[in-house]
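Good morning, colleagues. Please turn to the sequence and the structure now coming up on the screen.

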Amino acid sequence: MGERKLQISFSDNIKKSILDDSNGNVGLLQLIAGKVCLASGITDNNSRSNRTISNINSLANCRLQICRDLVPRYRLFSEKFSRGFNNEATQPIYESLLRICMKASDEELRLGIHKDIIVERLKHLDIEVNSPLSNYLKRIDNLQSIGGVSPLVLSYNTDSQKVQLVDYDLLFFRKYIGEKNLPWSSLRQY
């Protein structure tokens with residue numbers, strides 16, 4: 001509908017790329033499409049003819065621009081989450097939870113990572129949890145809220161016992177920002 005109203009069309013490869021990048025998030029889809037239009041010099045619908053957007057480089061540049069805009073959000077998330085509740089005893093646990101979630105596949109984050117899987121991954125990191133892990137997991141929503149992370153990035157569902165991704169922009173961010181630029185890449189190794 002937007003193509004008709006703006007008298008534009010996206011090439012099939014750009015359209016597919018934008019759809020893939022949005023991960024089902026309409027807001028992200030609109031943001032990417034809008035930035036691609038602006039990068040292609042389309043700022044209005046006053047053209048008398050249909051214009052085609054096919055320059056894949058403009059899409060690549062838009063991806064990087066969006067990622068740069070998201071860096072402060074994910075840096076805040078990473079810092080607040082990894083510090084836990086500013087408690088030295090729990091900080092290694094929250095840092096490790098963040099590491100586990102950020103190393104999880106897109107599929108795992110979409111479906112949620114079960115508490116039992118997290119327990120196994122913590123063992124591989126040699127992290128000892130002295131109380132039930134669910135006590136820590138139940139607090140991750142509050143941890144982000146107190147830290148000013150809004151909307152939430154991750155959430156724990158007590159019914160399914162899974163940590164689930166709430167902010168699907170994270171998948172886009174991880175894909176395009178580059179491994180060395182990930183805010184959580186500097187977490188301590190335990």
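This is a predicted model: local features need pLDDT of at least 70, side-chain atom pairs count only at pLDDT 80 or more; totals for chains, interfaces and linings use all residues.

Let me begin with a question: which residue in β5 is the bridge partner of N157? The answer is K162.

β4 and strand β5, residues 162-165, pair in the antiparallel sense over 4 bridges. The sheet is open and is formed by 3 strands, in the order β3-β5-β4, with antiparallel pairing. β3 (113-114) and β4 (154-157) are the edge strands; each has a single partner strand, so one side of each is left without a neighbour in the sheet.

I turn now to the largest pocket, which holds about 340 Å³ of space. It is lined by 17 residues, and those closest to its centre are G2, E3, F10, L29 and A33. Two or more lining residues come from each of α1 (2-6), β1 (8-10), α2 (12-22) and α3 (26-39). Of these elements, α3 gives the largest share, with 5 residues.

Finally, I would draw your attention to a serine in helix α2, namely S17. Is S17 buried or exposed? Its relative accessibility is 17%, and the cut-off for buried is under 20%, so S17 counts as buried. The S17 side chain reaches the backbone oxygen of N13 at 2.9 Å. Leaving aside residues up to four places away in sequence, S17 touches I56, L59 and R63.

Thank you for your attention.

How values were computed
Residues are numbered from 1 along each chain as its sequence is written. Side-chain values use heavy atoms; hydrogens and water are left out. On a 1 Å grid over the protein atoms alone, a cavity is a set of points where a 1.4 Å probe fits but cannot get out, and a pocket is an open set with protein on both sides within 12 Å along at least five of seven lines; lining residues have an atom within 4 Å of a point. Grid points are joined across faces, edges and corners, and a volume is the space filled by probe spheres set on the points. Two strands pair if DSSP finds at least two bridges between them. Buried means under 20% relative accessible area, exposed over 50%, partly exposed in between (1.4 Å probe, protein chains only). A polar contact is a pair of N or O atoms within 3.5 Å; within protein, one must be able to donate a hydrogen and the other to accept it, and residues adjacent in sequence count only if both atoms are side-chain atoms. Contact means heavy atoms within 4.5 Å.
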